[in-house]
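Hello,

Here is the structure I promised to pass on to you. Have a look at it first, and my notes follow below.

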Amino acid sequence: MINLLRRLGSRALSFLKRMGHMLMFLLNSIYYTFVPPFKFRLLLKQIRFFGNKSMIVILLTGSFTGMVMALQIYHTLNKFGSEALLGPAVALSLIRELGPVLSALMVTGRAGSALTAEIGIMRISEQIDALVSMALNPMRYLIVPNIIAAIIVFPLLAAIFDVIGIYGGYIIAVKLLGLSEGTYFSQIDIFVEWKDVKIGLYKSISFGIIVSWISCYKGYFTEETGFGAEGVSRSTTDAVVMSSVLILIWDYFLGSVLL
Amino acid sequence: MIEIIGLEKSFNGQKVLNGINLRIEHGEIMAVIGRSGGGKSVLLKNIIGILKPDKGSIIIDGVDITKLRGREMDKTRQKLGVLFQGGALFDSMTAYENVAFPLKEKIKIGKKALQEKVSKALEDVGLKGMEDKYPSEMSGGMRKRVALARTLITEPRIVLFDEPTTGLDPILLNSTHKLIRCTHETHGFTGIVISHEIPEIFDISDKVAFLYRGAIEEVGTPDEIKRSSNPMVRQFLTGSSEGPVELLCEKETRR
């Protein structure tokens with residue numbers, strides 16, 4: 001019994017220690033975000049990295065999500081004779097929930113994993129040590145540009161996801177199910193408020209911080225998960241799983257606060 | 001001057017450095033030789049400040065760097081140049097960008113002067129015309145030479161070489177040693193060279209230290225080490241499998 005308690009206590013302590021370590025990593029990155037010199041070129045490179053890597057997958061998933069939603073919601077609304085509300089139903093779900101969440105999950109799989117692998121390989125091939133030996137701070141060169149880039153890119157990708165999703169819904173609703181074009185868009189215009197867009201925006205920004213933070217952390221400390229290529233592979237998987245779970249948990253909490 | 005006093009470092013309870021004492025005079029090149037996995041790279045990482053020792057001091061120009069943090073440590077690092085074992089070139093940069101990187105980031109230098117300096121540095125390591133190659137397009141030897149050019153371009157006062165010639169053919173090995181010697185004569189840096197290249201390493205070093213089981217077993221001039229009566233040093237120099245130096249496979253078999 002004592003052994004079991006000791007083991008549980010040791011696990012809890014090690015979990016708390018890891019959480020503290022991760023939090024310190026984030027606070028350190030925030031500190032270097034505001035301390036010059038700023039690396040604008042690296043920031044632009046990372047904005048391109050996130051955007052370029054994820055654009056196609058965002059366009060594909062965005063359009064099909066909108067189409068599926070239109071199809072499913074139409075049949076439900078049809079039972080109550082409220083097909084006119086299809087546009088707002090699709091638009092509000094996308095803008096407030098699915099756009100930020102799904103786009104963040106897609107970017108995690110596409111760019112977040114690549115980021116962890118890249119930083120992890122830099123760690124095992126001593127490139128990070130080389131930066132340190134040159135008296136250059138790796139946080140400034142590797143971490144800060146990624147976090148700022150994610151804060152900028154995530155809301156933009158979510159906005160693209162929303163627009164493409166709404167047009168995906170339009171194709172199904174208007175071209176396939178025969179709803180009038182005017183009804184679809186005018187109802188969206190009536191029901192969607194600036195507050196809804198702001199909820200989506202806040203969510204996207206926070207998801208950007210979560211994904212870049214976890215991905216950078218897991219890559220930066222890849223040696224903690226294992227040796228060499230195996231360590232990088234494990235930390236990449238860990239980063240994707242942890243980011244995805246945190247996105248969904250944080251979405252619930254933020255959603256309940258902002259509603 | 002670099003002075004290492006009673007340096008100890010363990011990983012997961014296993015002692016890698018077990019009380020290292022070593023003194024490197026200003027302008028001297030010290031070669032550190034010893035078995036693979038004997039803690040030589042760990043010793044270098046402690047000097048750079050990437051690893052913190054469990055015990056002991058590393059005194060560089062009168063300052064104990066094991067007590068330094070943040071910007072103060074960076075000030076000491078400004079004096080250092082490090083050539084890592086695998087080169088540690090940045091994958092996303094060309095040879096030119098890699099060599100130019102420390103200059104661009106640390107010193108304000110004009111574009112033309114930078115170009116001249118980088119081209120000269122690459123020419124010195126026999127890589128003229130390779131400026132646009134990425135590390136993925138280079139052989140191991142080329143990567144090592146680009147890394148050497150990057151290390152020496154800032155003219156550091158202390159240079160740490162972690163196996164600078166491993167994997168190079170005999171001609172390149174000798175030309176790299178010659179380059180280290182020439183740069184040393186020109187700039188007069190203090191150097192620590194980790195190497196397995198015996199006897200070639202004796203040509204470029206002023207002193208040689210033999211590291212065994214995390215401690216310095218013997219230090220002396222190359223001639224003194226060559227004439228050493230210490231059976232472990234003798235076995236290492238001749239590369240014999242018979243002798244007091246424990247073979248890894250024997251150790252593993254006993255476990």
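In this predicted model, α3(A) passes α5(A) in a right-handed crossing (right-handed if the near helix is turned clockwise from the far one by less than a right angle, left-handed if anticlockwise). The two helices, α3 (residues 86–124) and α5 (residues 138–176) of chain A, pack at an angle of about 140 degrees, and their axes lie 7 Å apart. Axes here are lines fitted to C-alpha atoms, for helices over the stretch in contact, and angles run from 0 to 180 degrees between N-to-C directions. The residues of this contact between α3(A) and α5(A) divide into 21 nonpolar, 4 polar and 1 charged; Ala, Val, Leu, Ile, Met, Phe, Trp, Tyr, Cys and Pro count as nonpolar, Asp, Glu, Lys and Arg as charged, and the others, Gly among them, as polar. Helices (H or I, at least four residues) and strands (E, at least two) are DSSP runs, numbered from the N terminus.

A word on conventions. Residues are numbered from 1 along each chain as its sequence is written, while chains are lettered from A and ligands numbered from 1 in the order in which they are written. Local features need pLDDT of at least 70, side-chain atom pairs count only at pLDDT 80 or more, and totals for chains, interfaces and linings use all residues, with side-chain values based on heavy atoms and with hydrogens and water left out.

Now the charged pairs. Over all chains there are 22 salt bridges (a side-chain nitrogen of Lys or Arg within 4 Å of a carboxyl oxygen of Asp or Glu). One of them joins K45(B) to E126(A), with the closest N and O atoms 3.3 Å apart. This pair crosses between chains, from helix α1 (residues 40–48) of chain B to the loop between α3 and α4 (127–133) of chain A. E126(A) counts as buried because its relative accessibility is 13% (buried is under 20% relative accessible area, exposed over 50%, partly exposed in between, with a 1.4 Å probe and protein chains only). Both residues also belong to a network of salt bridges that links R123(A), E126(A), D129(A) and K45(B).

Within chain B, K79(B) forms a salt bridge with D61(B), at 3.2 Å between the closest N and O atoms. That pair links distant parts of the chain, 18 residues apart: K79(B) is in the loop between α2 (70–77) and β6 (80–83), and D61(B) in the loop between β4 (55–60) and β5 (63–64). K79(B) is partly exposed at 23% relative accessible area, and D61(B) is partly exposed at 31%.

On to the sheet in chain B. Its 6 strands form an open sheet in the order β6-β7-β8-β3-β9-β10, with mixed pairing. The edge strands, each pairing on one side only, are β6(B) and β10(B) (215–220). Two strands pair if DSSP finds at least two bridges between them. β3(B) pairs in the parallel sense with β8(B) over 4 bridges, and V32(B) has I194(B) as its bridge partner there. β3(B) is also parallel to β9(B), over 5 bridges, whereas β9(B) and β10(B) run antiparallel, joined by 5 bridges.

Which residues of β3(B) are buried on each side? I29(B), A31(B) and I33(B) are buried on one side, and M30(B), V32(B) and G34(B) on the other.

Best wishes
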